[in-house]
Amino acid sequence: MTVHSDVQTATWTFVDGDWHEGNVPLLGPRSHAMWLGTSVFDGARWFEHVAPDLDLHSQRVNDSAAALGLKATMTAEAIEALACDGLKKFDGNTAVYIRPMYWAEHGGYMSVPADPESTRFCLCLYEAPMIPSDGFSVTVSPFRRPTPETMPTNAKSGCLYPNNGRAIMEAKSRGFDNALVLDMLGNVAETGTSNVFLVKGGTVFTPAANGTFLAGITRARIMNLLTEAGYDVVEQKLHVADFLNADEVFTTGNHSKVVPITRVEDRAYQAGPVARKARALYWDWAHAGRKI
């Protein structure tokens, strides 16, 4: 038998009315989510005594539950309050990932559709340092984002992420850190882990939200902050050639907020001034909010 070392960081999980330390076992082999993938989640972040947009992330997990046919059992306000309570269990020295989740225990006819009345909830908090802001490389993935007709792209659902995972694994096999993932029409959608932006001639561009990828909360926040700072921010169809001809490229996402891309295929970039400005604007905005 192979013994795996415990490499998990400090973790607290709220489920069935109480907090439990560590990676609590929750699913059995007949749990609907275990074998048919009916789970949704969201991810907020606590760092430096702030949890930006925690209210929006708490609401989005409920929206995702509805989109997947699950029944949200917690209000967004209750999820937010529970997260604030759980954060008190940490020492405050390391950033924390805040992950509310819903999943189905049982199915309906022939076990394929989820039974919404069997929906369960948990909130998992765990230490997760933010990645450095010095940048990473991407290649173009051979795998593509599904359309709303083929997968529940209007939910932040666990069943979507194996596709992102294989895109990243394939990219790493070729010496890159991550991947640009296209939609089925060949437009750039996102990276394997985040939304993506490019800058050309002082204008900021990002792929138009077309339902094939998660148009993130941090993405929207950065678009608003840059617009308020006087930048022109444009959503439109973008192709790989646009990124190869850009002045700079950067990503936004909940995990590490704003991170530059320093190589697209064979094209190298410096971490640019707009990415640095976007990150600074975000940090200033976040720290102007409520301290937790």
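Buried here means under 20% relative accessible area, exposed means over 50%, and partly exposed sits in between (1.4 Å probe, protein chains only).

This is a predicted model, where local features need pLDDT of at least 70, side-chain atom pairs count only at pLDDT 80 or more, and totals for chains, interfaces and linings use all residues. Residues are numbered from 1 along each chain as its sequence is written, and side-chain values use heavy atoms, with hydrogens and water left out.

**Figure 1. The whole chain, before we zoom in.**
The protein chain has 7 helices and 15 strands; these are DSSP runs numbered from the N terminus, with helices (H or I) of at least four residues and strands (E) of at least two. Its radius of gyration is 19 Å, close to the 19 Å that the globule rule gives for 292 residues, so the chain is as compact as a globular protein of that length. That radius is taken over C-alpha atoms, and the rule is 2.2 Å times the number of residues to the power 0.38. Along its principal axes, the C-alpha trace spans about 55 × 45 × 40 Å. Of the 292 residues, 50% count as buried. Among contacts with a separation of 6 or more, 70% come from residues 24 or more positions apart; a contact means heavy atoms within 4.5 Å.

**Figure 2. Helix 3 and what covers it.**
Helix 3 takes in residues 76-87. Its 12 residues should span 16 Å at 1.5 Å a residue, and its end C-alpha atoms are 17 Å apart, which agrees. The expected span is 1.5 Å times one less than the number of residues. Look for its buried residues: A76, I79, L82, A83, C84, G86 and L87. Their cover includes strand 1 (11-15), strand 2 (18-21), strand 4 (44-46), helix 2 (54-67), strand 5 (96-104) and strand 6 (119-127).

Helix 2 has 14 residues and reaches 20 Å from its first C-alpha to its last, close to the 20 Å expected. Its buried residues are L54, H57, S58, R60, V61, N62, S64 and A65. They pack against strand 3 (39-41), strand 4, helix 3, strand 5 and helix 5 (217-228). Just past the end of helix 2, G69 takes a positive phi of about 85 degrees.

Most residues other than glycine have a negative phi. D16 isn't a glycine, yet its phi is positive, at about 55 degrees. You'll find D16 in the loop between strand 1 and strand 2, where it is exposed, with a relative accessible area of 64%. K257 isn't a glycine either, and its phi is near 70 degrees. K257 belongs to strand 14 and is buried, with a relative accessible area of 1%.

**Figure 3. I261 and its contacts.**
I261 sits in strand 14 (residues 257-264). Its relative accessible area is 0%, so it counts as buried. G135 is 126 residues away from I261 in sequence, but their C-alpha atoms are 5.0 Å apart in space. Setting aside neighbours within four places in sequence, I261 is in contact with F136, V138, T191, V196, V249, F250, T251 and Y269.

**Figure 4. F205 in strand 11.**
F205 is part of strand 11 (residues 203-207). With 17% relative accessibility, F205 counts as buried. From F205 to E235 is 30 residues in sequence and 5.8 Å in space, C-alpha to C-alpha. Not counting residues up to four places away in sequence, F205 touches V196, F197, L198, K200, V234, Q236 and L238.

**Figure 5. L36 in helix 1.**
L36 is found in helix 1 (residues 32-36). At 33% relative accessibility, L36 is partly exposed. L36 and G107 are 71 residues apart in sequence, and their C-alpha atoms are 9.1 Å apart in space.

**Figure 6. Helix 7 and its packing partners.**
Helix 7 (residues 273-287) has 15 residues, and its first and last C-alpha atoms are 21 Å apart, close to the 21 Å expected at 1.5 Å a residue. V274, A275, A278, L281, Y282, W283 and A286 are its buried residues. These pack against strand 10 (195-200), strand 11, helix 5, strand 13 (248-253) and strand 14.
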